[in-house]
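This briefing sets out selected local features of one protein structure. Please keep the sequence and the model in view while reading.

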Amino acid sequence: MARNELFYKIALSMVPGIGGVLARNLVAYTGSAEKVFSESFKSLVKIPGIGEVNAKRIKNNGVFEKAEKELEFIQKYKIDVRFYTDKHYPRRLKPCPDAPIIMYSKGNMNLDEQRIVSIVGTRNATEYGKTICEQLIQGFAERNHSMLVVSGLAYGIDIHAHKMALKNNVATVGVVGHGLDKIYPSLHADTARKMLENGGLVSDFPSGTKIDPPNFVRRNRIIAGLADATIVIESAEKGGALITAEIASSYNRDVFAFPGRVDDTYSRGCNKLIRLNGASLIQGIDDLEYFMGWETTEKEKVVQSALFIDLTPDEEKVMELLKNEGELFIDQISSELKMPGSRVSALLLNMEFKNLLLALPGKMYKLK
């Protein structure tokens, strides 16, 4: 099989001991995934964080056999691959320090949808939690939000969120803790297949990955990083949902939780999050819209104020970019306009004063 750049991207992600940070260092120093493998041993050793042990791992071409098998799987089953340097790598996930360097996906999804929320919760969902989940997602549909619902395809709140999204024709993506050659739990395979039409499945694990509990904790960073906000519907005092909420908070993303009765086991986690200011209390879609600054599509208007304000040429460039892209992080604006970060920061601040922009969590901006 011909070895193209995609082959080397996959191979790099499979080198033992080379995580996201080191992989980014390697690409930054050499120029591409392919050049990482053609670099001399002596040069690799000098790259910060690599050293002799990791250099030997890179030079051991045993990883190429695994990459070839994965490339065959990808081509056979029409799997989409997103490397962190690709334009279609999710823009919200890219700035996260531990974001995966490669992602595999299958389905019909827009991971840069205008609004994305992650809905997580206990595997032991109660009728109270299921009702909240249904009402929230039904609200997304009724108010015509361009919305993507992300969850983990697990038992309980996760799978209920996916099912309610399907029921209300809201796009939904499941982030799984294994390769896309299987569905776990198998009981959710039928729902997963339906999701492929309006959403789909995402993973940073290659095919053949064994079902392993730590992998499901690891995938939580993707659930948190893909979204503008993480919503915890029900949780005990410990659990994966609280881990996802903590990760989202570390990414400077909004975290929300629905409260419950103090004596309910599966409301204790949400109540604790709210009590310790780890999440904002919400009771429905109205609260979510208020905190996020979202309006229904009927209320959305094109910015008119720019017609009456003198803009500099650079400000006009920012306006045009955000008009086309919707929401962007400050580093994305800097990259797209080829301007220094300090210059972009000053521009954005000035445009905020002119009431043209809205600053969102995580240094993201959009037009008012």
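The points below cover a pocket, a helix, backbone geometry and one asparagine.

The structure is a predicted model, in which local features need pLDDT of at least 70 and side-chain atom pairs count only at pLDDT 80 or more, while totals for chains, interfaces and linings use all residues. Residues are numbered from 1 along each chain as its sequence is written, and side-chain values use heavy atoms, with hydrogens and water left out. Helices (H or I, at least four residues) and strands (E, at least two) are DSSP runs, numbered from the N terminus.

**Second largest pocket**

- The second largest pocket has a volume of about 460 Å³.
- Lys-87, Arg-91, Lys-94, Gln-332 and Glu-336 are the closest to its centre among the 14 residues that line this pocket.
- A pocket is an open set of points on a 1 Å grid over the protein atoms alone, where a 1.4 Å probe fits, with protein on both sides within 12 Å along at least five of seven lines; lining residues have an atom within 4 Å of a point.
- The volume is the space filled by probe spheres set on the points, which are joined across faces, edges and corners.
- Helix H16 (residues 330-337) gives the most to the lining, with 4 residues.
- The lining comprises 8 charged, 3 polar and 3 nonpolar residues.
- Asp, Glu, Lys and Arg count as charged; Ala, Val, Leu, Ile, Met, Phe, Trp, Tyr, Cys and Pro as nonpolar; and the others, Gly among them, as polar.

**Helix H1**

- In helix H1 (residues 5-14), 7 of the 10 residues are buried, where buried means under 20% relative accessible area, exposed over 50%, and partly exposed in between (1.4 Å probe, protein chains only).
- The buried residues are Phe-7, Tyr-8, Lys-9, Ile-10, Ala-11, Leu-12 and Met-14.
- Their cover includes helices H2 (20-30), H3 (33-38) and H6 (62-76), and strands E1 (80-83) and E2 (102-108).

**Backbone geometry**

- Most residues other than glycine have a negative phi, and most peptide bonds are trans.
- The peptide bond from Tyr-184 to Pro-185 is cis, with omega near -5°.
- Pro-185 is found in the loop between strand E5 (171-175) and helix H9 (189-195).
- Asn-252, in the loop between helix H12 (240-250) and strand E8 (254-257), has a positive phi of about 65°.
- Asn-355 has a phi near 65° and a relative accessible area of 43%, so it is partly exposed.

**Asn-220**

- Asn-220 belongs to helix H11 (residues 220-225) and is buried, at 5% relative accessibility.
- Beyond its neighbours within four places in sequence, Asn-220 is in contact (heavy atoms within 4.5 Å) with Gly-240, Ile-243, Thr-244 and Ile-247.
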